[in-house]
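Subject: Structure handover and findings

Dear colleague,

Please find below the structure I promised to pass on to you. My findings follow directly after it.

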Amino acid sequence: MTPLESGRTAYITKPTARFMLSHPAHVLAQGFGSGLSPIVPGTTGTLLGWLLFNVLSARWPTVFTATGWTVAIVVGFVIGIWACSKTGKDMGIADHGSMVWDEIIAFWLVMLLLAPATLSTQVWAFLWFRFFDMVKPAPIRYFDRHVKGGFGVMLDDILAAFYTLLLFAVWRTI
């Protein structure tokens, strides 16, 4: 939260690049700027996550193996708790829509567990993940409303990833 001279708190409803660049946590939480998109920032962040997964996997296949991605996701989740907590406090809104690191990490998990996947499978994974993240079916909605702070921000998207992966598991058995 940004203190004002009168002691009140400022709430940032429309973050800027200047705000994002003011702290490394903001850069990460706001998905390197993808969360600043004026329309559907969560979708934009997920698109960035999808792009990064494919580019990094293709460019450095010996680093971004299943083990490498698992480490990146776990470390990214833990660092994301800090980054989203710090950014939420500085914005005065615990889970501001511009914070998209949670979408990036959760979609990396989806991509990792579906790999190798055709482009068609990746598109369907993207669409289903965005559906579950936006609609927040139970119990995602419960956790979204009751678990606060950086952990809460990160958790609801991991649950959306779980729903996406569960759907694919069922789909593949039919």
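The largest pocket is lined by 17 residues, and those nearest its centre are D95, G97, E103, D133 and K136. Please bear in mind throughout that this is a predicted model. The volume of the largest pocket is about 170 Å³. Helices α3 (41–59), α5 (101–114), α6 and α8 each contribute at least two residues to its lining.

Salt bridges

The structure holds five salt bridges. A network of such bridges links E103, R130, D133, K136 and D156.

D133 and R130 are both buried. For D133, the relative accessibility is 5%, which is why D133 counts as buried.

D133 also forms a salt bridge with K136, with 3.3 Å between the closest N and O atoms. K136 has a relative accessibility of 15% and therefore counts as buried, the cut-off being under 20%.

K136 in turn forms a salt bridge with D156, the closest N and O atoms being 2.7 Å apart. D156 lies in helix α8, whereas K136 lies in the loop between α6 and α7 (140–146), so this pair ties together parts that are 20 residues apart in sequence. D156 is buried, as is K136.

Contacts between elements

Which residues does D102 contact, once its neighbours within four places in sequence are left aside? They are V153, M154, D156 and D157. D102 is located in helix α5, and its relative accessibility of 3% means that D102 counts as buried. D102 and M154 are 52 residues apart in sequence, yet their C-alpha atoms are 4.9 Å apart in space. D156, one of the contacts of D102, is also the salt-bridge partner of K136 described above.

T164 is in helix α8 (residues 149–173). With a relative accessible area of 0%, T164 is buried. Apart from neighbours within four places in sequence, T164 is in contact with V110, A125, W128, F129 and F132.

T43 belongs to helix α3. Its relative accessible area is 17%, and T43 is therefore buried, since the term applies under 20%. When neighbours within four places in sequence are left aside, T43 is in contact with F126 and R130.

I73 is placed in helix α4 (residues 66–91). I73 is buried, with a relative accessible area of 8%. Not counting residues up to four places away in sequence, I73 touches I105, W108, L109 and L112. By contrast, 27 Å separates the C-alpha atoms of I73 and T16, which are 57 residues apart along the chain.

Nonpolar surface patch

On the surface, a nonpolar patch is formed by L119, V123, W124, L127 and W171. Together these residues have about 500 Å² of accessible area. Which helix gives the most to the nonpolar patch? Helix α6 (residues 119–135) does, with four residues.

L127, one of the patch residues, lies in helix α6. Is L127 buried or partly exposed? L127 counts as partly exposed because its relative accessibility is 44%, a value that falls between the limits of under 20% for buried and over 50% for exposed.

With kind regards

Notes
Residues are numbered from 1 along each chain as its sequence is written. This is a predicted model: local features need pLDDT of at least 70, side-chain atom pairs count only at pLDDT 80 or more; totals for chains, interfaces and linings use all residues. Side-chain values use heavy atoms; hydrogens and water are left out. Patches are made of residues with over 30% relative accessible area and no salt bridge: like charges are joined within 9 Å, nonpolar side chains (Val, Leu, Ile, Met, Phe, Trp, Tyr) within 5 Å. Accessible areas come from the Shrake-Rupley method with a 1.4 Å probe; for residues, only the protein chains shown count as cover. A salt bridge is a side-chain nitrogen of Lys or Arg within 4 Å of a carboxyl oxygen of Asp or Glu. Buried means under 20% relative accessible area, exposed over 50%, partly exposed in between (1.4 Å probe, protein chains only). Contact means heavy atoms within 4.5 Å. On a 1 Å grid over the protein atoms alone, a cavity is a set of points where a 1.4 Å probe fits but cannot get out, and a pocket is an open set with protein on both sides within 12 Å along at least five of seven lines; lining residues have an atom within 4 Å of a point. Grid points are joined across faces, edges and corners, and a volume is the space filled by probe spheres set on the points.
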